[in-house]
Amino acid sequence: MILSLTAAVVSFFGIQGLLWLIKKRQFLLDIPNERSSHTQPTPRGGGVVIVMVTMLGLWVTLLTTHHVQQSLILSYSVAALLVASVSWVDDFRPLSNRLRFGVHIVAALIVIIGVGYWQTFNLPILGKISIGLLGIPFTLIWIVGLINAYNFMDGIDGLAGTVALIAGSAWALIGYYYGSPLVVDLGLLVAASSLGFLLHNWFPAKIFMGDVGSAFLGLTFATLPLLTLRLAAKEPSANLFLATGMLVIWPFLFDSIFTFLRRLSNGEKVWEAHRSHLYQRLVIAGFRHSFVTVLYAGCTIFGVFLAVVWVLNRLGDTKIIVITLFMICVLLVGYVSSKEVKSENNGRFVKLSTMKLSRLRNRHFFLLDIVALALTPTIALMLRLDTLWISREFWLGLLIYTLLGLTLRPLLFQRFGVYSRYWRYASIDEGVQIVLAVAVSTAVLIIITLPLMATLNISFARAMLIIDTLLVFMIVGSTRFSLRFWGRNAQVRVPNQKRVIIIGAGDAGEMTARELQKYPLLGLKLVAFVDDDPQKQGLYIRNLPILGTRRDLPRIVLSEAVDQVIIAMPTVSGDVIREITGICDMLGVETKTIPGISEMMHDQLRPHQLRDVDIEDLLRREPVQTDIQAVRRLVAGKRVLVTGGGGSIGSELCRQLLYCGPSELLILGHGENSVFEIYHELNRIGLHGPKLTPLIADVRFGDRIMALFKQHRPQLVFHAAAHKHVPLMEQNPAEAITNNTLGTQNVVAAALAVNVERFVMISTDKAVNPTSVMGASKRSAELLVHRAAGESKRPFVTVRFGNVLGSRGSVVLTFKKQIEMGGPITITHPDIERYFMTIPEAVQLVLQSSVLGTGGEVFVLDMGQPVKIIDLARDLIRLSGLEVGRDVEIKTVGLRPGEKLYEELFVPGENYHRTAHEKIFIAENASKFVPHDLETSIEMLAMAAANNDAALILRQLQRLIPEYQPTVDKGDDSTVVPTATVVSPQRGELQTLTP
């Protein structure tokens, strides 16, 4: 153990020194070429360290122990150094094949003279065979062949070192079992030095093994069985050669021998560099280096397991041979499935669509099943009897059972749909189908076979039924799911792929990774996940590691050479998105995101669709939890009318109401184009049931509105029609009054006339302590709704909220247009703040408020924290890939008429509290603020608007709404900004802000 630890330490620091030396001298570099998988010149002297460490450990053993024959170590050491030396020279200047083989033969003879040679074999079925002196040429071929076989297989990053690590550890166990201390030491030394080498060879490799290491390891693994025979304290198993010498490194042996024979049969030059090994073919076909290495490592570990079991005589020879043949078949399938041909255009190897596995159809699987069903009963009986020779007494029973299986199983497979599936996309459902099909067919065979054999008095091994069932399930399942397996792991090689990490290792992140892995032509190479969950750290999802939290982003981006970051967190808040994009901007990394939850809910985008990070993402808040069932109970089967149905809020109301199952949805709007667009959009959704009725009308014409209400008799009304542009309404106050105030009066009157069950008016935060005509007109409209609630005793309510992103006239759209034109972005004041919501979120809360209202209340949506407009402008410039001041300027132009620095949500004196919904506040006493002379005031406003008397309109608004403080133009481009009284819903207190 001490030697092993010493070897690991020496190997680690030795490789560091070797790397420094090689980089300084610039020699022994493996240059990228058409056969190599690396792209940078890479040193290939790692094997030198393995040789040095192993030799050093052996001679320390010689000096510290006395029970080991010095001649054994000496002969092995001389042979090993000889092989390593000629390989070292060959790395500098290629030697002739004759010279290299001559040296290998000399080294093999030295081992034979010092250690010994095979004299007896105990083969399955044939028994013990003594070969005497014939063992010398056999041993010579064994040693020379294994040296070149291991050297033949040196190639992919980490493959030779990984196999050496596993095989060396296995030999240490075998040596310990047989009482051979030298074998234990040599096995541990090889394993430890290989581990130290792997620390620097795992993909991407910093150093290769080279011929020195691979030839040396081949000689070592050829010598270890001979040393075991020579030094064993207990009687070694007669199957030691087959059990250890071949099974411990059987994947390497199989791959090298098969490739060698394949080259001979194709008339290729055997000793020239090729890319025809299985591991190379798999890499060319698009499989990851790590996958191929793990595949070989897994096969090697399984071979070690079989070797140990065989040495311990825990399994019969037949079972071992059958299992080994099955493993060889697995690798043969790998060869077939990774075919490649040379392109006539450039001479490079190109993929042949993974053995054209995608062309396999169910008829091909049917033929495979027939072949398998004809063979599995015989194999099952051999395993049951533990012999390759089946006695005659079982022949008739085996024949009858095989014929029954060939008849019944395919019929039942067809009945269960096994031959009607497209296996390229097989999932767990198809796996369950296979299990059921095999289980039911076995049950039917048992019911028929056992009574039949008993009646005819035919010898039959009943246990073979279970073994045959397992074999059938393995073959049927593996052949089908191989399509999914190879299709998922095979990747098309795309040049200049972007290295990508995904932030968010949840369902959305996994879905994003799955989609990107499915489409490699996108040119995105997934590297890792990042997630804040501490319990996920160090785990893997879809073969991608979770490397840290978002706090580790700078380290991960730099260490993994990341080109792009994908944010796969559809429900995370905007603050988190802002933090991540800020880090990525600082690091110069491109940022993408998947749609937010509101976009996915309304089918605007699918979860796997990537897009640039937008301002909506930075302002995103926690998703709204809506009691959608309560909304559906309110809306289902009702006639629902939406005024302003073509606008941004109105159209979203129509979308969400459609899914609640109204009997009829009436879309009322003044602009024919917008109504036309939303009407046809809802028609395209294709929901059966709700009747869609577009209505073109202007709410300012009371007679027209009354006629429509009496004709269609809506039961629920959502009043969203309004003029909202503050500066325009300041210049056109008559329009604000006729549309916002008088239009609301007309809609409310019509609703009362037809006994509308529930009325919801969309208001604005600008109606609180208004400083603009628009805000005052909306406040007067609120008072009209409150009066109607008091008169009708029905749920007539108003809902207030601030700015919505993406609405017509939104500051975000204005800024985007200014950026497109090269700037400048104009803001009115550096301290101006506004509340923002997304349109879907606002509408969800409006619908929820409609359920909560009983009459006369004001519902206020929790808008979160206000956002500074100047920060919004900076974010938009940055998200456009530009820089503030260099590419786009931000210019302050002064507050516009009617504009406030800060928006408010509650009128002083309103008693408000949170409702059952955490995002909605309610002011239950809002209707008490309705003045007794409201009707007279509205009539005077109507008269002033009809005469287009702006001064009279302002005076009447101040009389009706005492808190209204209109801005006064001094004529010197300055604006008097009134003190704003802000109510903080979070603290429940008043705060006076003076700009």
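Asn-457 counts as exposed, at 69% relative accessibility (exposed means over 50% relative accessible area, buried under 20%, and partly exposed in between, with a 1.4 Å probe and protein chains only). This is a predicted model, in which local features need pLDDT of at least 70 and side-chain atom pairs count only at pLDDT 80 or more, while totals for chains, interfaces and linings use all residues. Residues are numbered from 1 along each chain as its sequence is written, and side-chain values use heavy atoms, with hydrogens and water left out.

**Positive phi angles**

- Asn-457 is not a glycine, yet its phi is positive, at about 55°.
- You can find Asn-457 in the loop that runs between helix H17 (428-456) and helix H18 (463-489); helices (H or I, at least four residues) and strands (E, at least two) are DSSP runs, numbered from the N terminus.
- Arg-713 also has a positive phi without being a glycine, in this case about 45°.
- The loop holding Arg-713 sits between helix H27 (702-712) and strand E17 (716-719), and Arg-713 is partly exposed at 38% relative accessibility.

**The chain as a whole**

- There are 35 helices and 30 strands in the chain.
- Of the 995 residues in the chain, 53% are buried.
- Among contacts (heavy atoms within 4.5 Å) with a separation of 6 or more, 75% join residues 24 or more positions apart.
- The chain exposes about 44400 Å², and 59% of that comes from carbon and sulfur atoms; accessible areas come from the Shrake-Rupley method with a 1.4 Å probe, and for residues only the protein chains shown count as cover.

**Nonpolar cores**

- The largest nonpolar core has 70 residues, and Ile-143, Leu-217, Phe-221 and Val-248 have the most contacts inside it; such a core is a set of buried Ala, Val, Leu, Ile, Met, Phe, Trp, Tyr and Cys residues joined through side-chain atoms within 4.5 Å.
- Helix H8 (residues 210-231) gives the most to this core, contributing eleven residues.
- Leaving aside residues up to four places away in sequence, Leu-217 touches Ile-50, Tyr-150, Ala-164, Val-190 and Met-209.
- Another core, of 37 residues, lies apart from this one, and its members include Ile-649, Leu-657, Leu-847 and Leu-861.

- Trp-59, Leu-74 and Val-78 make a nonpolar surface patch of about 250 Å²; patches are made of residues with over 30% relative accessible area and no salt bridge, with like charges joined within 9 Å and nonpolar side chains (Val, Leu, Ile, Met, Phe, Trp, Tyr) within 5 Å.
- Val-78 belongs to helix H3 (residues 70-92) and is partly exposed, with a relative accessible area of 39%.

**Salt bridges**

- The structure holds 20 salt bridges, each a side-chain nitrogen of Lys or Arg within 4 Å of a carboxyl oxygen of Asp or Glu.
- One of them joins the side chains of Glu-579 and Arg-551 (2.7 Å, N to O).
- Glu-579 is in helix H21 (residues 574-587) and Arg-551 in the loop between strand E10 (544-545) and helix H20 (553-559), so this pair ties together parts 28 residues apart in sequence.
- Glu-579 is partly exposed at 28% relative accessible area, whereas Arg-551 is exposed at 53%.
- A network of salt bridges links Asp-532, Arg-550, Arg-551 and Glu-579.
- Glu-782 pairs with Arg-800 in a salt bridge whose closest N and O atoms are 2.9 Å apart.
- This pair links distant parts of the chain, with Glu-782 in helix H30 and Arg-800 in strand E19 (residues 796-800), 18 residues apart.
- Glu-782 is buried at 0% relative accessibility, and Arg-800 is buried with a relative accessible area of 0%.

**A buried serine**

- Ser-780 lies in helix H30 (residues 773-792) and counts as buried, at 0% relative accessibility.
- Not counting residues up to four places away in sequence, Ser-780 touches Thr-741, Leu-960 and Ile-961.

**Cysteines**

- The structure holds zero disulfides (a disulfide is a pair of cysteine sulfur atoms within 2.5 Å).
- Cys-654 is buried, with a relative accessible area of 0%, and Cys-660 counts as buried at 5%.
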